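The sequence and structure are shown first, followed by the account.

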Amino acid sequence: MARPSTTSTAARAMPATRRSALPGRLSPGMACDTAFRIIARRHLDAVLAQHDGTCRGDPDALHQIRIALTHLRTAIRFFSRMVDDARRPEIWTELKWLNGQLGMVRDLDVAIERVVAETGDELSVIAELRHWDEKRAESHRLLARALQSARYRRLVEQTSGWIESGPWSTRRSKEAIRLRRTSLADHAMAQLTAWEKTLLKKARKLRKLDVEKRHKLRLLNKRMTYSVESLEDLFADESLTKQKSILKQLRKAQKSLGQLNDDARGQTLAASLNEIVPEAGIRFLDRKREKKLLRAASKAYRKLDKAKPFRSSDLAPNSEPED
């Protein structure tokens, strides 16, 4: 599919904030404030690139805009201590609002795909799909309205301005200056190590987790995955194999946990159709499928646990701090 144009609605949503010139790639010795701006810009731009397609109802554009938004929110978490200023809570709240608007339609897309994939052309199924489609159409109308709203435009403008020159970037305390000047390599290794330790600790109890705790594990897995992806520029050639191997296991676990979460969301959405389509949620209750997905995720985490964690030596040369 051709990438949606960014010259119309999305272009009008672009803020007037003046952007400073930044390197095109990340490097290990880069200061964290520069690295954050590079990463956050990339993902905010990716959100804007999918704006028009999402407004038109393109499911792929919707999926991509959600990925870009999650990448952006992950970047803010990754540098949370550095960017924790008075404006951050408001920025976070608005990004969470946007994610919620996108999530409802995306959940319906996934549920509809499941219905189509697991059924034939029975008249009862065709009737059920009509109700699902009506629900999806109404949710998309609300989403399109949100994406064309003044609130969305303010979100883009304020987020862009905050990335470039929020209060976090000018605080003069010794700790604030230290955090901004810390090399990306040092911060990345510390953050990835901490997240990986937490992820694996929780993953060992995977089979005992309820739906809500499993959902939180999935979010932590996604956070780890997206951070490693965003830092791809840092890895030396000989370390790319290791990075790809770790990403492979993270993605396998993410896929299984994502499908389990889709099933749980499908049950919730189907419950709203029960009066019209009795027992619509039954197809989302499959214990055999659940056990298979849990088994696959557990296997991926065992392999990840055996892998050597990232070390500073995995990064490309040139770890001197940069201005």
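## Overall architecture

The chain contains 13 helices and 0 strands. The model is a predicted one. Read from the N terminus, the elements follow the order α-α-α-α-α-α-α-α-α-α-α-α-α. Of the 323 residues in the chain, 52% are buried. Among contacts with a separation of 6 or more, 80% are between residues 24 or more positions apart. The accessible surface of the chain amounts to about 16,900 Å², and carbon and sulfur atoms contribute 50% of that surface.

## Nonpolar cores

The largest nonpolar core has 71 residues, and the members that touch the most others are L26, F36, F79, L231 and Y301. Apart from this core lies another, of 8 residues, which includes L108, A111, V115 and A270. In soluble globular proteins, nonpolar side chains tend to be buried together.

With residues up to four places away in sequence set aside, Y301 touches L199, L200, A203, L217, N221, A253 and L257.

Helix α13 covers residues 287-306, a total of 20 residues. From its first C-alpha to its last, α13 reaches 29 Å, close to the 28 Å expected at 1.5 Å a residue. Which residues of α13 are buried? They are L293, L294, A297, S298, A300, Y301 and L304. These residues lie on the same side of α13 because they cover an arc of only 160° around the axis. On the other side of α13, the exposed residues are K288, K291, K292, R302 and K306.

Leaving aside neighbours within four places in sequence, S256 is in contact with L293, A296 and A297.

## Selected buried residues

| Residue | Relative accessibility | State |
|---|---|---|
| S256 | 5% | buried |
| C32 | 2% | buried |
| C55 | 14% | buried |

S256 therefore counts as buried, at 5% relative accessibility. How many disulfides does a search of the whole structure find? The search finds 0 disulfides. A disulfide is a covalent bond between the sulfur atoms of two cysteines.

Notes: Residues are numbered from 1 along each chain as its sequence is written. This is a predicted model: local features need pLDDT of at least 70, side-chain atom pairs count only at pLDDT 80 or more; totals for chains, interfaces and linings use all residues. Side-chain values use heavy atoms; hydrogens and water are left out. Helices (H or I, at least four residues) and strands (E, at least two) are DSSP runs, numbered from the N terminus. Buried means under 20% relative accessible area, exposed over 50%, partly exposed in between (1.4 Å probe, protein chains only). Contact means heavy atoms within 4.5 Å. Accessible areas come from the Shrake-Rupley method with a 1.4 Å probe; for residues, only the protein chains shown count as cover. A nonpolar core is a set of buried Ala, Val, Leu, Ile, Met, Phe, Trp, Tyr and Cys residues joined through side-chain atoms within 4.5 Å. The expected span of a helix is 1.5 Å times one less than its number of residues. The arc is that of the directions from the helix axis to the C-beta atoms. A disulfide is a pair of cysteine sulfur atoms within 2.5 Å.
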